[in-house]
Amino acid sequence: MARGKLLALQILVLLVFLGVWHIGSTVPFGKMENGKPFFLLPPFFFSTPGDVLARVWKMFADGSIYRHLGITLLEAMLAFAIGSIAGVLLGFAFARRPLLAAVFDPYIKMANALPRVVLAPIFALWFGLGIWSKVWLGVTLVFFIVFFNVYQGVREVPQVVLANARMLGMNERQLLRHVYWPAALSWVFSSLHTSVGFAMVGAVVGEYLGSSAGLGYLIHQAEGVFDVTGVFAGMVILTMFVMLVDIVVTHIENRLLKWKPSESKTI
Amino acid sequence: MARNNKQKRVCMPETEPEALSFPPSPEAAVVLGGVSVTYHMAAGATYEAVAPIDVFVRDGEFVAVLGPTGCGKSTLLNMTAGLMPPSTGYAEIYGERLSGLNPKAGYLFQQDALMPWKSALDNVAIGLEVTGMARSAALAAAEAMLARVGLKGFGGRYPHQLSGGQRKRVALAQVLVRAPRILLMDEPFGPLDAQTRLIMSELLLDLWQQDRKAVMFVTHDLDEAIALSDRVLVMSAGPRSHIIGEFDVNLPRPRAIAEVRSEPEFHRLHAAIWGCLRDEVRKAYALPEAAEEAK
């Protein structure tokens, strides 16, 4: 399908969605018994698209949103960085030391099976209500994704590539640098979207459960005073923000993994 | 059954390994003396893939190892490369007992063995860089070697951007740039189409002609074996596979692959070797049922 046509259809879906929401929440649909107008989507519960957009606009216009965005971004980036580094190091160590992997296998599985949200309160207790409780929550999410990918990536280096590299005269250190490391990194990058997304989840959920700044805090505050417009405005900003991050990640991925065959290309 | 015995006699008077010409002469590039391979299976069972055999390759000699699928041809290469220690016997490289990897050998694998994250040029250069050569010098040598295998200007491509034949050329350059004295090749052109194989075989002969390395070339393609080599070894089907035939190829060099196939000597050899090989190929395919019966 042509790119233009596809884009037009995608925009159409958005317009229909906004249209239904707008009509349902602003056009009265008869009257209720007490004489008040009846809406299919009562604005108290659903707000209206106009109000939400106006609120988003206002947040950006008066600049109040930037501090919250910055804090959420900082938490997510720290969670991603720490989680990735720990995941790469431990994934490497486990893949190269089978005994280590065998000993810790059940504990890793246990830790991964635990829903990480339940850690949020304990982290708030340990690390306070500042950014670090959110960062560590994000780390517990990011770590396992990167860890499992690196572990898998290092162990699944094709035997023939390894044998070839050894025949080319590589010693253990050179194998690590020229074979294991790039193989592991390619797996880290292919899980980049997931791990960046989880870093964001960690940050926002942490903020939601107890903080004084950030997007999760904004949404939680609005919810606390039945400000549905504020909740939706926070969600819209969060969504746009995550999509923006995703575009940046795609860009980085394309640059770093240019040696990887893309599925559409055939030679 | 009688036919089977007769066929065996055609290529070898006696089936004992000792009957093979085995003069581990001091100038031999590769000597495998009494090597055998036994795998330990689950539940304490053992599987003797290769019976004790003697194989040698003279310096500058092109030896083809021919046999049915799964007969342990690649195992011979892996033992010569030092990637796999023999269960019994020894490997000697230019008179020195081999322990660990064989530094004098270059190995061209059947499967794609290039590092997909390195460009063609880097894939070739890395074999020199790991020896401590400066990167600029390694790149220059790699560039020249890529040109020799007909890939001038393709250095910047990644393996996935190259065709199967081009990847084989890069792999060949990767091996040759380190100037090994011994070349081990495991059905290197197996996955390629017929025309590309022909071109690659000619390229290989052309390059080999220039410095005459000792070559161990494993293949299941009879035509390829005769056209390329000085000597053809025929292996029996496993288990306990061993060498059942040895043929000197007295075709003049340098050879043109396409023309050599019309020589009467080529046809004589082809008939003789196929006579030796045919029953083994059948055995290889019949093997699963035979194994069932044995139970």
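Two residues are in contact here if their C-beta atoms, placed from the backbone, lie within 7 Å. This is a predicted model, where local features need pLDDT of at least 70, side-chain atom pairs count only at pLDDT 80 or more, and totals for chains, interfaces and linings use all residues. Residues are numbered from 1 along each chain as its sequence is written, while chains are lettered from A and ligands numbered from 1 in the order in which they are written.

**View 1. Where domain 1 of chain A touches domain 2 of chain A.** Chain A splits into domain 1 (17–46) and domain 2 (47–256), with bounds that come from an automatic or database domain assignment. Their centres, taken over C-alpha atoms, are 40 Å apart. At the join, nine residues of domain 1 of chain A are in contact with four residues of domain 2 of chain A. Helices here are DSSP runs (H or I, at least four residues), as are strands (E, at least two), numbered from the N terminus. That domain 1 side comes out as six nonpolar, three polar and no charged residues. For these classes, Ala, Val, Leu, Ile, Met, Phe, Trp, Tyr, Cys and Pro count as nonpolar, Asp, Glu, Lys and Arg as charged, and the others, Gly among them, as polar.

**View 2. Helix H10 (residues 192–209) of chain A against helix H12 (residues 228–256) of chain A.** The two axes come within 10 Å and cross at roughly 150°; axes are lines fitted to C-alpha atoms, for helices over the stretch in contact, and angles run from 0 to 180 degrees between N-to-C directions. H10(A) and H12(A) are therefore roughly antiparallel to each other (angles under 35 degrees count as roughly parallel, over 145 as roughly antiparallel, 65 to 115 as roughly perpendicular and the rest as oblique). Look for Val196(A) and Met200(A) among the H10(A) residues, and Leu238(A) and Val242(A) among those of H12(A), that make up this contact. By class, the contact has eight nonpolar, one polar and two charged residues.

**View 3. Helix H4 (residues 64–96) of chain A meets H10(A).** Here the axes come within 8 Å and cross at roughly 130°, which makes H4(A) oblique to H10(A). Val196(A) and Met200(A) turn up in this contact too, among the H10(A) residues that meet H4(A). The H4(A) residues include Ala76(A), Phe80(A) and Gly83(A). In all, the contact divides into eight nonpolar, five polar and two charged residues.

**View 4. The open sheet of chain B.** Four strands line up as E2-E1-E4-E5, with antiparallel pairing; two strands pair if DSSP finds at least two bridges between them. Strand E2 (46–58) and strand E5 (96–97) of chain B sit at the edges with a single partner strand each, so one side of each has no neighbour in the sheet. Nine bridges link strand E1 (residues 28–40) of chain B to E2(B), and Thr38(B) has Glu48(B) as its bridge partner in E2(B). Helix H2 (residues 73–81) of chain B packs on the sheet, touching E1, E2 and strand E4 (88–93) of chain B.

**View 5. Chain B up against chain A.** This interface has 20 residues of chain B in contact with 17 residues of chain A. The chain B side has 12 nonpolar, seven polar and one charged residues.
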